[in-house]
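This report describes a predicted model.

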Amino acid sequence: MKNVRFPLAAFAFTVAAILAQPVQAQPGWTPTASDYPASKVPAGLTSEPIINTPSKAYFQTRIREGSSQGSNFGGHYALLQWGCGDGCTTFFIVDELSGQVYEPGFHLMAAKGAPDANYGFHYTADSRLLVMQGCRSNLTESCGKYYMLWTGTRLETLVREPLTTTIASVGEMH
């Protein structure tokens with residue numbers, strides 16, 4: 001009987017590990033919020049954001065004010081966004097449990113000539129999926145609709161649907 005326990009335990013562990021993996025993109029597949037559920041947390045959860053870099057310090061008032069509104073994304077995160085120029089949005093993600101502030105490292109730009117409905121963020125409080133439509137920073141070749149998974153420390157691109165338009169502006173960004 002001892003010889004059976006180890007294979008059964010190994011099998012159970014393998015099955016659990018496979019089931020714990022996020023749903024992976026398949027050709028022609030579009031991720032949905034329900035594919036990536038977030039952990040349930042108490043409503044109204046807030047934490048003091050940790051301001052520990054120059055860019056976070058530059059936006060500390062917006063980060064603190066936005067974080068004080070509580071979580072709105074991925075269970076216990078606050079996705080904060082604001083304009084950074086014509087057709088530009090910058091954003092940060094704050095962990096409302098720990099106060100850690102994450103910087104995505106790029107801005108979202110509107111694609112030139114695209115309707116306003118084709119630009120911006122779509123997310124829910126109970127999912128780790130972030131859908132972004134526009135251009136990453138001011139790179140024309142980056143324009144598209146991105147389905148991004150929040151891992152808890154960074155955004156991973158699951159699917160990108162390219163846009164064929166150019167960006168709204170290539171001027172200096174803040």
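## Phe-106 and its partners

Phe-106 has a relative accessible area of 9%, under the 20% limit, and therefore counts as buried. Its ring forms an edge-to-face pair with Phe-91, with 5.6 Å between the centres and 75° between the planes. Phe-91 is in strand E2, while Phe-106 is in the loop between strand E3 (101-102) and strand E4 (108-109), so the pair ties together parts 15 residues apart in sequence. Phe-91 is buried too, at a relative accessible area of 1%.

Arg-136 lies over the face of Phe-106, 3.9 Å from the ring centre. The charged end of Arg-136 also sits over the ring of Tyr-146, at 5.6 Å from its centre.

## Other aromatic pairs

The structure holds nine aromatic pairs. One of them joins Tyr-58 and Phe-59 edge-to-face, at 4.9 Å centre to centre and 85° between the planes. Tyr-58 is exposed, with a relative accessible area of 61%, whereas Phe-59 is buried at 14%.

Strand E1 spans residues 77-83, and five of its seven residues are buried. E1 pairs with strand E2 (residues 88-95) in the antiparallel sense, over seven bridges. Across this pairing, Trp-82 stands opposite Thr-90 in E2. Four residues lie between the strands of the hairpin, where Gly-85 takes a positive phi near 135°.

Gln-133 belongs to strand E6, which covers residues 129-136. Its relative accessibility is 11%, so Gln-133 counts as buried. The side chains of Gln-133 and His-122 are joined by a polar contact of 3.2 Å.

Ser-142 is in the loop between E6 and strand E7 (144-150). With a relative accessible area of 9%, Ser-142 is buried. Apart from neighbours within four places in sequence, Ser-142 is in contact with Gly-134, Cys-135, Arg-136 and Arg-160.

## The chain as a whole

The protein chain contains three helices and eight strands. From the N terminus on, the order of the elements is α-α-α-β-β-β-β-β-β-β-β.

Of its 174 residues, 37% count as buried. Among contacts with a separation of 6 or more, 48% are between residues 24 or more positions apart. The chain exposes about 10,000 Å², of which carbon and sulfur atoms supply 56%.

Key:
Residues numbered from 1 in each chain as written. Predicted model: local features only at pLDDT ≥ 70, side-chain atom pairs only at ≥ 80, totals over all residues. Heavy atoms only, no water. Helix = DSSP H or I, 4+ residues; strand = E, 2+ residues; numbered from the N terminus. Buried < 20%, exposed > 50% of the residue type's maximum accessible area, 1.4 Å probe, protein only. Polar contact = N/O pair within 3.5 Å; in protein donor to acceptor, adjacent residues only side chain to side chain. Pairing = 2+ DSSP bridges. Contact = heavy atoms within 4.5 Å. Areas by Shrake-Rupley, 256 points an atom, 1.4 Å probe, with all protein chains shown as cover. Phe/Tyr/Trp six-rings, centres within 6.5 Å; stacked < 30°, edge-to-face > 60°. Lys NZ or Arg CZ within 6 Å of the ring centre and 35° of its normal.
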